[in-house]
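Please open the model in your viewer and keep the selection tool at hand. The stops below say what to select next and what is there.

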Amino acid sequence: MTAEKLTLFFGGIIRIRLFWGVPTMSFSRTLGELRRSPFTAERLVSRRVKDELRENLILRLREGSPIFPGIVGYDDTVVPQIVNAILSRHNFILLGLRGQAKSRILRALTAMLDPEMPFIAGCEIHDNPYSPICRRCRELVAKEGDATPIAWLTPDHRYVEKLATPDVTIADLIGDIDPIKAARGGHELSSEFTVHYGLLPRANRGIFAINELPDLAGKIQVGLFNIMQEGDVQIKGYPIRLPLDVAIVFSANPEDYTARGKIITPLKDRIGSEIRTHYPATVEEGIAITAQEAWIDRRNDRGNHHPIDRNTGGEGSREEGSPEKGSLPHIPKYVQEVIERIAFAARDDKKIDKRSGVSQRLPISAIENVISNAERRALTHREKFVVPRISDIYAALPAITGKLELEYEGEMKGADHVSRELIRTAIAKTFDTYLHGVNMNQVVQWFDLGGEIQLSDNAGAQEVLEGLIQIQGLMEKLGKLNVGPKDGTEKQVSAAEFILEGLHAHKKIGRNEERVFRAGEKPVKIAEKPVFERDESDFGRKRGFN
Ligand SMILES: [Zn+2]
């Protein structure tokens, strides 16, 4: 027994042990065993990847199980169109702006593949044991017959993805002639033995995803089309026949895709369905996506990628984490809403480039940074709970500014200024959903009568609370945010600060760079303190106190 065969043999034993409890699975190790397993020639030979996707999707539809678990907000729009595309056995393209879960959906297609798929062991392009397309495997099967070794692939190994860029070559995507291989094996240059396979052949019998398709050079698109259409391609002038079995899916920015001349017409014709993705339609959907994707539970160092209860933010968990290990923060619902509304406001803002959009990664990165700022404060002051405040959102600007592609007008003002404006807009809208029509005169009056309070994001909750309770009429309004005197100091401070920030966003009270809240700017005051006010208003025009 050779070393190779021995490995195969033990490999077989290990597999059998691993899957002992799954009687329906048959992990044949040779072609002969495979023929006697459920993976018969009859079943496998003509069943192409798109048939497999379709069959498994049909099973899901019959069972009523979710098609794309974890994809929020697409149930009535994107998902039915993808289902139709798969049922139609189409290659399809997702058209959408950045951060619309396009790559994630494409990756999720692997859930529609069989749990295991047999191929000829050692084949770079995962040849079908009953109808190999590469010469090595054809010769191997001819020589070994039923003793031909078989290996197995899981769905994850059957998914290949490539971000298209203008410098992607035919060699990357389809393959190259390898002169060293030719010299070593004594083969002709054009012999199939000398081909070094690119990504697409390596995705044979699986799913190949090309992101940002329009960035692919025209001649590469031609090569891709030839493979899809005829299974023939030329590599360095040598015709190579590669009748691949691949489900090819794409993603693209809609404007790039529809721009004239970006995609060669025959390739466009071969893409069966064009499916438009979109940003979350409602703030609630946005919050659900952000909660799912962001690293919120700091006791779990895995990062997220596991669904979080959507209500976590609202009423919050009462669990207390030890600061050394990290904690589960209590994120007030209004903080989540403000963060989400920043993205909504940005998507509507003419200072921001519509073509690139505002990714869902903006609120995701922002909330992570917001939590971290609150975590930092809690650690410094040895506080029990991590409760983000609105000031933590301003402290999270580094996670926001880079996510905005600015138009000329926005660039003139600067990303920092534009982001602050967006936060202020988001605060004002959120404030209205909780406190619309609530009489705040008493609070505003306190400031008008000369009251001032500094609310630094670094200040501990106890210290800040002592100042806040001096403001007449403020603390009793916290009930509107479901916060009461029995709640923790951290929660009360966060809620009270939100109200003051809301009043500031509505220009009822003022706030300066040092985060000192005070009376709003009133013309009469300019006369009283001319020097100071001139400085402030100059500053205000340029940077804004938002
Ligand atoms: Zn092969």
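**A tour of helix pairs and a metal site**

Begin by selecting helix H21 (residues 461-468) together with helix H22 (residues 489-505), which pack at an angle of about 50° with their axes 9 Å apart. This is a predicted model, in which local features need pLDDT of at least 70 and side-chain atom pairs count only at pLDDT 80 or more, while totals for chains, interfaces and linings use all residues. Residues are numbered from 1 along each chain as its sequence is written, and side-chain values use heavy atoms, with hydrogens and water left out.

Helices here are DSSP runs of H or I with at least four residues, numbered from the N terminus; their axes are lines fitted to C-alpha atoms over the stretch in contact, and angles run from 0 to 180 degrees between N-to-C directions. The angle of about 50° makes H21 oblique to H22, a word for angles left over when under 35 degrees counts as roughly parallel, over 145 as roughly antiparallel and 65 to 115 as roughly perpendicular.

Now show the side chains of Ala-461, Gln-462, Val-464, Leu-465 and Leu-468 in H21, which meet Thr-489, Glu-490, Gln-492, Val-493, Ala-496 and Leu-500 in H22, contact meaning heavy atoms within 4.5 Å. By class, this contact of H21 with H22 has 7 nonpolar, 3 polar and 1 charged residues, where Ala, Val, Leu, Ile, Met, Phe, Trp, Tyr, Cys and Pro count as nonpolar, Asp, Glu, Lys and Arg as charged, and the others, Gly among them, as polar.

Next, select helix H15 (residues 333-348) and helix H19 (residues 415-435), which pack at about 130° with their axes 8 Å apart, and that makes H15 oblique to H19. Among the residues making the contact are Tyr-334 and Arg-341 of H15 and Leu-422 and Tyr-434 of H19, and by class the contact has 10 nonpolar, 3 polar and 4 charged residues.

Then move to helix H4 (residues 49-63) and helix H5 (residues 78-87), whose axes come within 9 Å and cross at roughly 135°. Here Leu-53, Arg-54, Leu-57, Ile-58 and Leu-61 in H4 meet Val-83, Ile-86 and Leu-87 in H5.

Which protein donors surround the zinc ion? Select Cys-123 (SG), Asp-127 (OD), Cys-134 (SG) and Cys-137 (SG), lying 2.1 to 2.3 Å from the zinc ion; donors are N, O and S atoms within 2.8 Å of the metal (3.2 Å for Na, K and Ca). Along the chain the donors follow the spacing C-x3-D-x6-C-x2-C.

Note on methods: Helix = DSSP H or I, 4+ residues; strand = E, 2+ residues; numbered from the N terminus.
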